[in-house]
Amino acid sequence: MFTRRSLLTGAAAFAAAAVGRAALAAVPEPAYPQGPDTVVPKAPSTGRPFNPVITLNGWSAPWRMNNGWKEFHLVAEPVVREMAPGMKANLWGYNGQSPGPTIEVVEGDRVRIFVTNKLPEHTTIHWHGILLPNGMDGVGGLTQPQIPVGKTYVYEFELTKSGTFMYHPHADEMVQMAMGMMGLFIVHPRDANQYRVDRDFGFILNAYDIDPGSYTPKVSTMTDFNLWSWNSRVFPGIDPLVIRRGDRVRIRVGNLTMTNHPIHLHGHDFEVTCTDGGWVKESARWPEVTTDIPVGAMRAVEFVANAPGDWAVHCHKSHHTMGPMGHDVPTMIGVDHRGLAKRMITLVPDFMTMGERGMADMGEMEMPLPDNTLPMMTGTGPFGPIEMGGMFTVAKVREGLARGAYGDPGWYQHPKGTVAYELKA
Amino acid sequence: MFTRRSLLTGAAAFAAAAVGRAALAAVPEPAYPQGPDTVVPKAPSTGRPFNPVITLNGWSAPWRMNNGWKEFHLVAEPVVREMAPGMKANLWGYNGQSPGPTIEVVEGDRVRIFVTNKLPEHTTIHWHGILLPNGMDGVGGLTQPQIPVGKTYVYEFELTKSGTFMYHPHADEMVQMAMGMMGLFIVHPRDANQYRVDRDFGFILNAYDIDPGSYTPKVSTMTDFNLWSWNSRVFPGIDPLVIRRGDRVRIRVGNLTMTNHPIHLHGHDFEVTCTDGGWVKESARWPEVTTDIPVGAMRAVEFVANAPGDWAVHCHKSHHTMGPMGHDVPTMIGVDHRGLAKRMITLVPDFMTMGERGMADMGEMEMPLPDNTLPMMTGTGPFGPIEMGGMFTVAKVREGLARGAYGDPGWYQHPKGTVAYELKA
Amino acid sequence: MFTRRSLLTGAAAFAAAAVGRAALAAVPEPAYPQGPDTVVPKAPSTGRPFNPVITLNGWSAPWRMNNGWKEFHLVAEPVVREMAPGMKANLWGYNGQSPGPTIEVVEGDRVRIFVTNKLPEHTTIHWHGILLPNGMDGVGGLTQPQIPVGKTYVYEFELTKSGTFMYHPHADEMVQMAMGMMGLFIVHPRDANQYRVDRDFGFILNAYDIDPGSYTPKVSTMTDFNLWSWNSRVFPGIDPLVIRRGDRVRIRVGNLTMTNHPIHLHGHDFEVTCTDGGWVKESARWPEVTTDIPVGAMRAVEFVANAPGDWAVHCHKSHHTMGPMGHDVPTMIGVDHRGLAKRMITLVPDFMTMGERGMADMGEMEMPLPDNTLPMMTGTGPFGPIEMGGMFTVAKVREGLARGAYGDPGWYQHPKGTVAYELKA
């Protein structure tokens, strides 16, 4: 599942204040994922037991036990992320991917996280939501010097409570988050049966402004993004949530965009059971089918998947389930092009005017696109064109799934083939 | 209150997979409303008893009982909606209006809904928030083929829980919702005394981008809308909420725009008692005077109207209580035009520079407008110009209302005359 | 702390309907603050006892007891607000400042508030969230005539419940709020020990669109603001929250911008304990580290400050912790300027290309700016450049603070010097 690369110049040059020469020899090699598919986590082989999280189109970081400390190694660096088949983006991330690997630890764990900066500018990591000493909080200039280019910094803290957290830079923050730097940080409860669910999914909402035909996000965009993504992936590139009928399911969602995203699940109602501030007590929970995730906040929702079928899961802002498009286009609805079309067809046999009857045509009949972009509406389901993009995927609730052991990769596999079979273009 | 039209070509051509020849003869005729005023619902004459909802500037669909099934007929089609006196829009809706009629049923009911597509492109209906079999979920391509132009499709399901829901297309979704396709779907509790209130209002928040002087919304707009509406109506075209002092009142609000709308009520605090996920238990309720309705979500709020008077009810984003206006205008505040004005007045006797003392002038002295648009600030109340537009109306809490029977049209009428008397231009 | 100015023409001309000739002589003189720093309130010397609120970079209005009524005097007028050292704005406010003074009263108090209009256009005041008679609700045209230029109007009501409220105009509302007219209105509980905390902070979120080099906000802007402020101040001009370790702390935040602001606190989790609708009961409270403040709503959060250090407090929308900047700039990341730079340097020795390695350079090396604007990223902390702007400050949790008496100005002072010593440029 992972490859291990030795760090080139980066690993050799540690921030003197943070890592001594003796520690240097002991830095764990960073791990890298292969490809953009969901890496189903295995049960942990060292440290306290826990039920791992399934990071959609992502993976969890391995660790090394060292005298009672769990040691991780994150490498901040430029990455190339396939956002969906046919479209790649030049982003910044950790360990070869954006988002970085999910960090999974257990309440009571002591963690030591080495952060090597292979970006072209300084950085830090803030451990969003985690209670820790002020010097470990990762706010550049305020609680630490920023990590210079080429240097490694070490964070050490003890996890005093379980919950759903994130990590991201607090240095040149707008730019570094607009480039994709973020990751999930899950602290499992000390008792693996507390808050237990059968499937536990996680992803972070992000958004990019990449002009069709180009590769690098515009980092100054405040509202007019054109790629609305989950873990830096867009439909039809987002893996489905494969669920056995009757499973109790948790979905953990963080938001590091510039606007609220109301995440809507079809076919089931749910409750928010956890935020980045902790677990929500039973008396305070609301029933919902759409949970509005604020920026810089996290929500974990839970439900029992008792209705079999393919249930849409998506942001309910309709522009956020579209591929790249312009937002200042005159309406063609009701405009009669027939005279024009007739004249044009004599000149250009394949000529067709678009949009005067709505845009559904565009979901059915995909048009030539510039290199390295995605259609505005795409995807095909069992009944035809799905006409979506962006923040959309499907919860596949099935009777026929093998139960297997929690965390066994086979347990996540859909019986008919790959996890995403019907949705991949 | 309603007229019944026979369907022309649409009704004759049913989707073979969905409606057999035998069923065809039995399809109920669709009903149409007359005019844009609130149609106060009557108590139901067939099926289980319930206390009906008052749809602001809307109406509830009639049904037919057929062997224990409640049968409704929705016709998706282009409509002309008067958004306020003096301004009409070319929208898409159901049964001659946008939004479509409110569907009101009772927990335990089995419903059969015929949907005839008279739009220029395919469509579906998704029953937002309702627990139903996957094949009835209305997601084009994923759970059903889209309904072709001219065809009729049938949805059948049983209502397993009461609550506040919506319906809208899940086909070319961004376009079809930007054109106004949506409606309320209320499931009343089996016991009509459960969650009982004295007045139960409902509306859906929508937004349009229609250039002054034109009639059809721009369907690609993502944020820069200029008509912020409730049930496709804007102030002063939104009927007031007529309330008897001491009534327990519920207001149910859905949001199908592209941004949160914080709905603010003056003079009373309230609690959210229901979402599109179900009823909120007592222990979990918060007191509020402004409830933030996320996109793709619903909130029902309740309060006892114990303070008589005219209480504003509005979205608290100040641009959303304005009529159409530009958002990129230089400020004139503090700019001294006096020299200019003096010279101009010798040339143009009626010349007046605007905006250097704020914009209140524009609420008092309405200017000539292009055809088919609305003033930026308008409306007159008992004490002068109200200077509003968009998402604004008034809760009229009165001692003097006749009690009458719930659901009796007279019971909604203000004693002094029409429901909206002071606010209509 | 305050100065008292006699009102010039304004005070001499009262709205006849509101203030009689006899009352005129009795109008209290309005008070004015000196400078933009936080004025730490003293314990009240008349009326019921309460524990005062610390208004960040603001102050609380004095009152006069008159036969059992608390009398306040607000003067609506143009003001000049220093938003941060080096940048002033021409705003509208109350009593010489934007926001106006915080009004602090006690449950059961009867208040009489004189409002003198020295703006160039009419105005009103709406007492947001407060339960009062309809005629005192301040909605121009609907519940009262607007207050003409030069006139004084009187509001009178009794406070029937404690909580966290605001005041703002309901006349030419979009313009007057875009110009900065707003203030906090705190009603303390009748029993000063109910809901007691050790430090109680308050501020209102506002936003302005002021072009670099100019002074007056553009009042028609709907989304593309460039100054995201708290109490009309931006980082590094926002005073820190000085807290003694172990204190129970409340932060009350209102939002009168055009978008949600998710306010994030580092190092502590908290609960929302109060909204503008009232106190949230214990069973309904959620743990959070980021609370999303809707527009036209208020949230009070509470926590025990048990972790010493400098903890960031900020809006988590990354553009809202930036100074003025453009939002439609091409990305330079990954663009290789070396050839260009080499040629340019021979021509212009100090030439430097920017942005190809991110934007952190801009936080470290401030560039020449036009008159009267602020850098995009600024501020210096104990470890170097903080690279922030806008809605950002720091909670300084310290062991070494003198306890003093609540409300004693010395009690708020940081032991090392001024309250904001490290952060002021």
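In the predicted model, residues 348-353 of chain A have a pLDDT that stays under 50, and the model gives this stretch six contacts beyond four places in sequence. Over chain A as a whole the mean pLDDT is 86, with 82% of the residues at 70 or more. For the complex, the predictor reports an ipTM of 0.90 and a pTM of 0.91.

Two copies of a chain are related by a rotation about an axis and a shift along it.

The contact between the two chains involves 49 residues from chain A and 45 residues from chain B. On the side of chain A that touches chain B, at least two residues each come from the strands β17 (261-265), β20 (287-288), β21 (290-293), β23 (309-315), β24 (378-381) and β25 (384-388), and from the helix α5 (360-364). By residue class, this side of chain A consists of 21 nonpolar, 20 polar and eight charged residues. Only 8% of the interface residues of chain A are also interface residues in chain B, and the copies therefore meet through different surfaces.

How values were computed
Residues numbered from 1 in each chain as written. Chains lettered and ligands numbered in written order. Predicted model: local features only at pLDDT ≥ 70, side-chain atom pairs only at ≥ 80, totals over all residues. Contact = placed C-beta atoms within 7 Å. Helix = DSSP H or I, 4+ residues; strand = E, 2+ residues; numbered from the N terminus. Nonpolar A, V, L, I, M, F, W, Y, C, P; charged D, E, K, R; others polar. pLDDT = per-residue confidence, 0-100.
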